[in-house]
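Here is a short report for a first look at this protein. Take a moment with the sequence and the model before reading on.

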Amino acid sequence: MSRKVTMQQIADHVGVSKFAVSKALAGKSGVSADTRERIIGAATQLGYFVQKKVKAGGSRSGAESVKQSQRDTIIVLIPNVRYQNRHSFYWGRIIDGISNGLEAHQLGIMIVTEHITDNFAKLINPDGVLGLIGVGLISNQLLLELRNLGIPFVMVDHEDPLIPSDSLFMNNFECMRRVTNYLLGNGHQRLQFVGNVRYSKSFSDRWLGYRSMMEEMNVEMDQSPELLSFEGDNRSEMTETLEAIISKLKEENKLPTSFVCANDSIALCVMTVLMRMGVRIPEDCTVTGFDNIEDAALSSPTLSTVHVNKEALGQRAVETLLWRIEHPESPKEKILLSGDFIMRESTAPAAAAADQAANTAK
């Protein structure tokens with residue numbers, strides 16, 4: 001029989017006190033984010049979470065038994081209220097999908113939009129909560145607290161490597177490979193990816209999809225590191241930052257024939273910068289986005305992008321959570337939904353390829 005992993009062993013492994021380990025694993029404050037991450041990492045490696053079973057919610061037989069339970073409320077957690085709210089072009093549609101899915105099962109919804117870092121249990125009544133759907137980035141401190149409370153939860157567009165849970169994403173990797181393959185097939189050889197790859201798991205996966213296709217097609221990447229790390233809290237700030245980076249590329253005669261952007265908001269900022277510089281879109285440079293927000297079809301030129309069925313993500317999250325409640329011991333799942341590449345006015349064959357095709361036609 002294997003020996004039980006203790007908090008003292010974790011403390012010795014990390015080099016902190018047993019008290020710090022206890023607070024970190026309980027999801028309480030008083031421990032720095034870096035120390036908490038090290039403690040959780042050590043606990044995961046040593047097998048602490050494997051031996052520690054959370055409170056089981058009991059087996060239920062679908063929506064019928066769900067209705068009979070006193071637990072009839074689903075929490076939708078959106079901690080970053082500045083960007084992740086119901087009025088957001090992206091997150092709002094996901095929340096709409098969740099709302100529709102819960103309404104179909106006659107379940108209540110409670111949207112939590114406060115940035116909670118401590119005492120989550122005091123805000124809610126765990127005995128009245130059936131489960132939780134997290135939308136976007138959720139801190140591992142809060143995920144730990146949810147786990148300790150025994151509340152089933154699923155994540156949309158986020159996953160934590162140290163705290164396993166069911167998660168739902170668009171198939172960002174394959175969708176971006178498709179976009180990149182289309183651009184390469186249309187004669188574009190000088191491409192730049194635009195998006196902070198540390199911003200989210202989705203951005204990281206889109207970058208990896210782009211890079212894998214470039215490598216597979218043996219196309220040399222002269223990637224600007226600044227375009228992979230820039231920051232901005234809104235489109236105005238992003239446009240200002242991108243203008244400096246792209247202007248530098250133009251001065252050094254390194255302006256690409258295509259910018260492959262991590263999402264539509266970034267792509268719209270890139271188009272604003274290019275037009276200010278007198279660069280024609282798509283004649284001189286093409287731009288692609290991702291997400292297909294409403295502004296993508298309203299911009300001039302209209303933006304080529306990957307359509308993300310945001311409502312479907314929300315509805316599928318509801319079904320996944322209800323399934324998890326019925327099967328608490330089943331392996332965690334990562335669900336990927338496919339997307340469609342929508343070609344609009346911001347993309348065209350590269351100028352050299354277009355000229356070659358015209359000469360061949362003659």
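A crossing of two helices is left-handed if the near helix is turned anticlockwise from the far one by less than a right angle, and right-handed if clockwise. The crossing of H9 and H10 is right-handed.

## Ground rules

The model is predicted: local features need pLDDT of at least 70, side-chain atom pairs count only at pLDDT 80 or more, and totals for chains, interfaces and linings use all residues. Residues are numbered from 1 along each chain as its sequence is written, and side-chain values use heavy atoms, with hydrogens and water left out.

Helices (H or I, at least four residues) and strands (E, at least two) are DSSP runs, numbered from the N terminus. Contact means heavy atoms within 4.5 Å.

## Overview

The protein has 15 helices and 11 strands. Of its 362 residues, 50% count as buried. Buried means under 20% relative accessible area, exposed means over 50%, and partly exposed lies in between (1.4 Å probe, protein chains only). Take the contacts between residues at least 6 apart in sequence: 70% of them join residues at least 24 apart.

## Two helix pairs

Two packed helices are described by the angle between their axes and the distance between the axes. Axes are lines fitted to C-alpha atoms, for helices over the stretch in contact, and angles run from 0 to 180 degrees between N-to-C directions. Angles under 35 degrees count as roughly parallel, over 145 as roughly antiparallel, 65 to 115 as roughly perpendicular and the rest as oblique.

Helix H9 (residues 172–185) packs with helix H10 (residues 201–216) at about 40°, and their axes are 7 Å apart. H9 and H10 are therefore oblique to each other. H9 contributes Asn172, Phe173, Met176, Arg177, Thr180, Asn181 and Leu184 to the contact, and the H10 side includes Asp205, Arg206, Tyr210 and Met213. By class, the residues of this contact are 7 nonpolar, 6 polar and 4 charged. Ala, Val, Leu, Ile, Met, Phe, Trp, Tyr, Cys and Pro count as nonpolar, Asp, Glu, Lys and Arg as charged, and the others, Gly among them, as polar.

Helix H3 (residues 33–46) and helix H8 (residues 140–149) cross at roughly 50°, with axes that come within 10 Å. H3 and H8 are therefore also oblique to each other. Arg36, Glu37 and Ile40 of H3 meet Asn140, Gln141 and Leu144 of H8. That contact holds 2 nonpolar, 2 polar and 2 charged residues.

## The sheet S6-S7-S8

Two strands pair if DSSP finds at least two bridges between them. An open sheet of 3 strands runs in the order S6-S7-S8, with parallel pairing. Strand S6 (191–194) and strand S8 (286–288) are the edges, each pairing on one side only. Neighbouring strands are turned by 15° against each other on average, direction ignored. Strand S7 (residues 258–261) is joined to S8 by 3 bridges, and Val260 has Thr288 as its bridge partner in S8.

H9 lies across S6, S7 and S8, at about 175° to S7. H10 packs on the sheet too, touching S6 and S7, and its direction makes about 165° with that of S6.

Is Phe193 buried or exposed? At 0% relative accessibility, Phe193 counts as buried. It is found in strand S6. Its contacts beyond four places in sequence include Met176, Arg206, Tyr210 and Val260. Phe259 is 66 residues away along the chain, yet the C-alpha atoms of Phe193 and Phe259 are separated by 6.0 Å.

## Strand S1 and its partners

Strand S1 (residues 73–77) is mostly covered, with 4 of its 5 residues buried. S1 runs parallel to strand S2 (residues 108–112), joined by 5 bridges. Ile74 stands opposite Ile109 in S2. S1 also pairs with strand S3 (residues 129–135) in the parallel sense over 5 bridges. Here Ile75 has Leu132 as its bridge partner.

## Backbone exceptions

Most residues other than glycine have a negative phi, and most peptide bonds are trans. A cis bond joins Ile281 and Pro282, with omega about 10°. Another cis bond joins Ser300 and Pro301, with omega about 0°.

Asp157 has a positive phi near 65° and lies in the loop between strand S4 (153–156) and strand S5 (166–170). Asp157 counts as buried, at 10% relative accessibility. Asn253 has a positive phi of about 60°, but counts as exposed at 72%.
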